[in-house]
Amino acid sequence: MAKYKYIATDSDGSEFSGVIDAPSESKAKRELADKGVNVVRITEMGGFGTGKTKKGSKPLFGTGVSSANVTIFSRQLATLLKAGLPLLRALEVISRQEKNPYFKAILEHISDNVRTGNKFSDGLSQHPKVFDKLYVNMARAGEAGGVLDVVLDRLATFQEKLMKTTNKVKSAMVYPFVIMFVAVAIVVILMIFVVPQFQKIFSEMLGSAKMPALTQSIIDISNFIKDRYIAAILIVVAVVFAIKFILKTKVGILAKDRLALHLPKLGDLVMKSTVARFTRTFGTLLASGVPILEALTITRGTIKNTVISDALSRVHDRVRDGEPLAAPLDQQKIFPAMVTSMVEVGEETGQLSEMLNRIADTYDEEVDNSVGAITSVIEPIMIVFLAVVVGTIVIALFLPIIQIIKTLTGG
């Protein structure tokens, strides 16, 4: 027996939906027709346990659902709930117009859970790769307080600001990667196609004369890449995999995260973006009614840097023992003094969530400034790097030419 979800109309023309068990779609239609139900649309429900859905199959890589999908869903659901639509009806409206087939199936699955009397947050929790702990806990707090529309609106705002910051950081990293790719491509082309041609000329013109050391080094590298390109590729792949393996170990992760915080310019950007994420997430959770210890635990899980995450674990333990938040946060010496001072003021005035969101707004602007500063520094560095690499090869190729000219002129 399979489950079929149907949308039908009553005698007044109003739409309603339901679920029916039947061995086939035709028999499901027949059973509904026998009951006097006017079916508009009927589709087989997919089982998420098997990885299959009505519209397609679960993606092999990733979740199949982008953060933009979830953000748009949150904003649409909050708007419909504020307009007075019941939760189930709002979910059905959104799932019907969703174009991502896998996300559509997830939303229909959540709708079915709500229809059978389960909580909205319980349906969300069944899809942890799409709706994280932050999302589920805020939804649960919104349901408990009867302010789900307000919480969803906060979630949408939080996600929009987070996406904006993330996109700015990613865009700042595009330029150096492009320059590096161009540099590598130019070097490979010179080594495989240009240097061998010069090598033939030098061999004919110089005969048994010794080539300059720099030129010989470039020729040796060129010969290795040209004649043993498979070995060269394997070496590069091995180095990449070795680095990835090391960075996945506990020691490697900790070393990488510590280095990220102390790199010139980049460390400043990492810190500011982390502060913005921490304060935005923590403030949004507190404003939605999530208890402070649970909010700290959830927020800690959203921080990617293990140095800061470990510091927040120690802060959590101190707060659990009865200390105010600001004191242990200041003693960890991780966040700037301005952040801990504003947290202290927020605690004293009873407006901690508002103060945290103000800090987040401030640091979002700081991230913009840092991204601009890094871009302005990286551009000349990359250009100089490219010039040095290509210039070294060109100089190496010109040194034998000078030697040949001296030999021919008797100089």
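Phe 241 has its place in helix α9 (residues 229-248); helices here are DSSP runs of H or I with at least four residues, numbered from the N terminus. This is a predicted model, where local features need pLDDT of at least 70, side-chain atom pairs count only at pLDDT 80 or more, and totals for chains, interfaces and linings use all residues. Side-chain values use heavy atoms, with hydrogens and water left out, and residues are numbered from 1 along each chain as its sequence is written.

At a relative accessible area of 58%, Phe 241 is exposed (exposed means over 50%, buried under 20%, partly exposed in between, with a 1.4 Å probe and protein chains only).

Now for the rings. Searching the whole structure turns up 7 aromatic pairs. Rings of Phe, Tyr and Trp (its six-membered ring) pair if their centres lie within 6.5 Å; planes under 30 degrees apart count as stacked, over 60 as edge-to-face and the rest as tilted. Here are two of the pairs:

| Pair | Centre distance | Plane angle | Type |
|---|---|---|---|
| Phe 73 and Phe 103 | 5.9 Å | 85° | edge-to-face |
| Phe 278 and Phe 282 | 5.6 Å | 20° | stacked |

Phe 73 sits in helix α2 (residues 67-82) and Phe 103 in helix α4 (residues 101-115), so this pair ties together parts 30 residues apart in sequence.

Phe 278 and Phe 282 are 4 residues apart in helix α11 (residues 266-287), about one helical turn. Both Phe 278 and Phe 282 are buried.

How values were computed:
Helices (H or I, at least four residues) and strands (E, at least two) are DSSP runs, numbered from the N terminus.
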